[in-house]
Amino acid sequence: MSSKLANLASSIRQNRAFAGAVLMLLALFVLYNILHPRGFSSAVLIQNANESVAIVFVAMAQTIPVLLGGLDLSVGAVMTLSACIASVLVNGSPLQIIMGMVATLLAGTAFGFCNGLIVVYGRLQPIIATLATGAIAMGLALFIRPKPGGDVDGDLNWAVTNSLWDFVDTYGFFDPDAAWFAPVAWIPVPLLIILVFGAGVWLPFRRTVIGRTIYAIGSAEGAAYMSGLPINRAKIAAFTLAGFFAACGGLYLAIQTASGNADITQAGAYTLNSIAAVVLGGTSLLGGVGGALGSLIGALILRVISFYFRILSIDPLLQPLVEGLVLLAAVSLGAVRVFRIKNRLDLFR
Amino acid sequence: MKTMHVATLVVASLLASTSLTLAGPETVSGPGADPTCFAPWGDDAKYMQWPAQEGPYRIAVVNGFVGNTWRIQMIKTAKAFAEDPAIKDKIAEFKVVSTGTDAPAQLGAIEDFINQGFDAIVTIAVSPDGFDRVIRLADKENVVLVPFDNVLDTDAVMQVNEDQTEMGHRWAQFLIDELAAQGKTGGKILEVRGLAGNSVDRDRSAAIHDAFAASGGNWEIVEVVGNWDDGTAQKVTADAIAVHGQFDAIAAQGGTTGVVQAMIDAGHPMVPIAGESENGFRKLVAEHSADGLKGISIGQSPGLVAIAMKAAVSALEGNVMPQLISVPLPVATYDQLKDGENFWSDLPDNFFTVNEFPPCGVNISGPAIMAQSEADVK
């Protein structure tokens, strides 16, 4: 027991930034619910979860190239491209819907794979390569959906943007009022999607040789190479997984809005916000430190900050200023470690 | 654990009960209330009626993109109108948020206000699709959702807008008439378009093309994309003049001040022009109309927000409302421009001149909006 506690304590010590982000999120979210007239209700949780899914996935997508020490400027565009693909494919019979979802995720993953190939074999800096491929993704998105529209299955839209109760009720799997089901019926489906697709893919991946190689490349690429780690494979895998997560975000966005929209400004905003979320979640932009779960938390913090404008009376034209200040303060908390170092050289580690 | 259990049962039964008794507006037959202000869109307009609710009401404005003059002026107008004696007593709480061009954030904000128990939500949609879920929730809770300006491709909500097709037609017809007066029945037209992928841009452009095609003349229309922004429009116009040499007339959806500036910079002869309602454009037309810059200025007014708010209150009072409310086009041609009346030489170029809608009792004049500092409109 005591060894378990010690393990936990040391794991928190090693992931101080992550623990801090979780605490910040909890504090912000609890206060928001206290101030909200219908706080701590399933309805508010569903609404919060719904609007967070896309940015959470895009932030997780951004994390993996950042761990390599690069930036992926195409994540927002790949999300938009996937959403446009989904808006064409995700309808019809249940089998067609499932095939449409699979095809959407495959398309995004393939796009990420191409990003990886270009970075590795084109020997380009990720930031420049993905700037170009991001524009290609936007072009494809506009080609598929020159004007907003599409019809994603309405039942699917209702089922996955609500609580488990509605999910079961919509598809009639079993009686949603069954007594055994009641304790979990309130859980929002979007929250489960984040957990299953996000944590379910990331945690096992991180433990593989490829996953650990990504961290090694970010810390010291030369050393990783000398240690015989599969550098090229790891880089390609990193961008491929980023494409997969971005596609998850796009698929959800399409289902949530029951349509696709090749919105260039929105794609750009998501890319920039994903970088902010990565930093908030404790991942170093220099690479090698952090993780996708931190970015998940970071994206949620980013969202919760904007929730406050709906319950507090802040001048609408000052809201961007306030949001920026809060964000700056939140990011600065990550720099607190500077005060604790004994040797200035540690800063460069 | 037990309280959790009870809470979930309550939530579940609440959801169950509301999904059975779908509330929301009823489709009724017209005419609607106050038809001079809330003019129905076409003769076959649908009418809606919500159950009357006790005032005063809680109203929220959920804006999307913020950062151009039009949106800022819209927000200032909304706040000024909420303080207007005509409506102040009917509003208990008024909130404005801007979510940026982020569809999930805008949908979340609307849902948040529904959950907070607001009575009406006025919004500029970031996308013409994708609001099915919040419309369904708003109907459940009897919340009046009013998209305006960038409206939705649905007839399930009450919406407020100017007729973009009509606007495109008026622009093109004016140019055709002006060119006919010069003896031209054909020629090269420059069309400066707006933001790509937007329904407003689509409708205006289609109408311009239709009108020119209908005139039967031999027209060549050169399209460039100016994003409704002075800087962009100026650049693309300069490029178009450099490539094509000379145009017989120009139709600009927005950023018209920049378009005229590009003409002046390139030494392009002054030709008939159709454009938006920017103060700078009207200033330039007033100055150069004698040289041939014969212009028509039709504006999409930021004051639409005030009419949308008024329509929301009227719907909450239980009045019969048209599903699609058509706000008359504020038109000014070069011979109607008057300094201090429909343009202001002492106000900035990027100010939008049309804000008053007398039939609706919306009388917030341009200088009044600009005079308000942040502190005044709080």
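A: Let's start with a term: a crossover is right-handed if, with the strands pointing away from the viewer, the path from the first strand over the helix to the second runs clockwise. Helices (H or I, at least four residues) and strands (E, at least two) are DSSP runs, numbered from the N terminus. This is a predicted model, where local features need pLDDT of at least 70 and side-chain atom pairs count only at pLDDT 80 or more, while totals for chains, interfaces and linings use all residues. Residues are numbered from 1 along each chain as its sequence is written, and chains are lettered from A, ligands numbered from 1, in the order in which they are written.

Now look at strand β12 of chain B, residues 295-298. Together with β11(B) and helix α10 (residues 279-288) of chain B, β12(B) makes a right-handed β-α-β unit.

What about the strands beside it? Two strands pair if DSSP finds at least two bridges between them. β12(B) pairs with β11(B) (residues 273-275) in the parallel sense, over three bridges; here Ser297(B) is the bridge partner of Gly275(B). β12(B) also has three bridges to β15(B) (residues 331-333), and these two run antiparallel. There, Ile298(B) has Val331(B) as its bridge partner.

Next, the faces. In a regular strand the side chains alternate between the two faces of the sheet. On β12(B), Gly295(B) and Ser297(B) sit on one side, Ile296(B) and Ile298(B) on the other, and all are buried. Buried means that 20 or more other C-beta atoms, placed from the backbone, lie within 10 Å of the residue's own. So both faces of β12(B) are covered.

Technical notes
A residue is buried if 20 or more other C-beta atoms lie within 10 Å of its own, exposed if 12 or fewer, and partly exposed in between; C-beta atoms are placed from the backbone.
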